[in-house]
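Colleague: I would like to go through the labels in this model. Tell me what stands behind each one.

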Amino acid sequence: MKKITVLLTALMLLFTCACSQGPDLESVSGGYIQAGEKKLTPEYVMEIDGKKIGFDQYRYFFLNVADSMAYMQNAQGFWTEEKISELKAQVEDYLLKAHALEKYAEKNSLTLTEDEKNTVTSYVDDIMNNMGKEEFKENMNTLYLTEKLYRSLQADEAVYEKIYTKLFGEGGEMAWSDEEFNSYYAENYICATHVLISFSAGETPENCPLTYKKAQDVLALTSTEDFDTLIEKYGTDKELENYPTGYYFTEGDMVKEFYEAAKALKVGEISPVVVTTAGCHVIKRLEPDKEQIALQKDAILNGSSSGDGSFKLGVYAELFEDFYTELTEQYKDKISYNPEVEAYLKPGSVF
């Protein structure tokens, strides 16, 4: 799927299952609620504005959120009443957002066309064929999904992509102008280069007198020699060769010490020696190159993938989250639970 699908998936924990076509007991694969002595597969778990949320849908969120909350925790004694209430509130939040986006799509004629539905169907079919049905089923079970639920999830992601494009695509209702982007960039991004002196043998960030002295000597030379020449003579950051106009970064992109030192500088200024886990740095803040800024625009606004397979969310992700969070306000007082199972919605009772 397109990168926007990756973005929305990351944002919403795949909460698209709430938009499937109502409860369907056949779509539940082995799940149940332990209600006293009974194992129940209820017709529905909760309602939002009159729409029933089936057990398979609720179970998906409940178990994934529970796993996330309990990750690396001591399971014994973790699930206090307070934690259970937090779990329930998070599940409600995901389902509310999904419901609100579904209603927005219907109101704005952003539901899928037949061709778009067929594209989604083919996409899932290809995954199943490439993976093999048994492996696909095992993967679905691991994620507390069913094939039907997964297909619904993919279809709803496509709807979210249409909503996102309406809001943030070219000419979109919430898309930034060049002026807005440039203002944001100037306020949040830094361009800088540096002379890195790697640690001498046996030295560490906490104890590096030899390396620090070398960096101090380089710093003294900045008053008489060209900074780029000093980088060539003394710098050990080979990656810098790929960034002839300097590094461009915002908070979180660099180690804290490097970022804070660069941020404290004005364009053209040079920092004192800065020690990080990489070594000792002498940093110079640069005027950002306009062409480089333009090349970064899409990644900053819409997000970008990195070499390790992770995805960094863009500015529009925050704006989109604000948008769909606001949409949920009208539905928060329209939630009710199935009284048959409400008391049993606890870890250890939902399977």
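Modeller: Start with helix 3 and helix 6 (residues 147-168), which pack at an angle of about 65° with their axes 10 Å apart. The model is predicted: local features need pLDDT of at least 70, side-chain atom pairs count only at pLDDT 80 or more, and totals for chains, interfaces and linings use all residues. Residues are numbered from 1 along each chain as its sequence is written, and side-chain values use heavy atoms, with hydrogens and water left out.

Colleague: What makes helix 3 roughly perpendicular to helix 6?

Modeller: The angle is about 65°. Angles of 65 to 115 degrees count as roughly perpendicular, under 35 as roughly parallel, over 145 as roughly antiparallel and the rest as oblique. So helix 3 is roughly perpendicular to helix 6. The axes are lines fitted to C-alpha atoms, for helices over the stretch in contact, and angles run from 0 to 180 degrees between N-to-C directions. Helices (H or I, at least four residues) and strands (E, at least two) are DSSP runs, numbered from the N terminus.

Colleague: Is the crossing of helix 3 and helix 6 left-handed or right-handed?

Modeller: Helix 3 passes helix 6 in a left-handed crossing. Left-handed applies if the near helix is turned anticlockwise from the far one by less than a right angle, right-handed if clockwise.

Colleague: Which residues make the contact of helix 3 and helix 6?

Modeller: Helix 3 supplies Ala98, Leu101, Tyr104 and Ala105. Helix 6 supplies Val159, Tyr160, Ile163, Lys166 and Leu167. Contact means heavy atoms within 4.5 Å. By class, the contact has eight nonpolar, no polar and one charged residues. Ala, Val, Leu, Ile, Met, Phe, Trp, Tyr, Cys and Pro count as nonpolar, Asp, Glu, Lys and Arg as charged, and the others, Gly among them, as polar.

Colleague: What makes Lys88 and Glu342 a salt bridge?

Modeller: Their closest N and O atoms are 3.4 Å apart. A salt bridge needs a side-chain nitrogen of Lys or Arg within 4 Å of a carboxyl oxygen of Asp or Glu. Lys88 and Glu342 therefore form one. Lys88 lies in helix 3 and Glu342 in the segment after strand 11 (335-337), so the pair ties together parts that are 254 residues apart in sequence. Lys88 is partly exposed at 23% relative accessibility, and Glu342 is partly exposed at 34%.

Colleague: How many salt bridges are there by this rule?

Modeller: The count comes to 17. Among them, Glu329 pairs with Lys332 at 3.1 Å between the closest N and O atoms. Lys52 pairs with Glu43 at 3.6 Å. Asp125, Glu147 and Arg151 are linked in a network of salt bridges.

Colleague: Why are helix 4 and helix 5 called roughly perpendicular?

Modeller: Helix 4 (residues 114-131) and helix 5 (residues 133-142) pack at about 110°, with their axes 6 Å apart. That angle is within 65 to 115 degrees, so the two are roughly perpendicular to each other. Val124, Ile127, Met128 and Met131 of helix 4 meet Lys133, Glu135, Phe136 and Asn139 of helix 5. These residues divide into five nonpolar, one polar and two charged.

Key: Buried means under 20% relative accessible area, exposed over 50%, partly exposed in between (1.4 Å probe, protein chains only).
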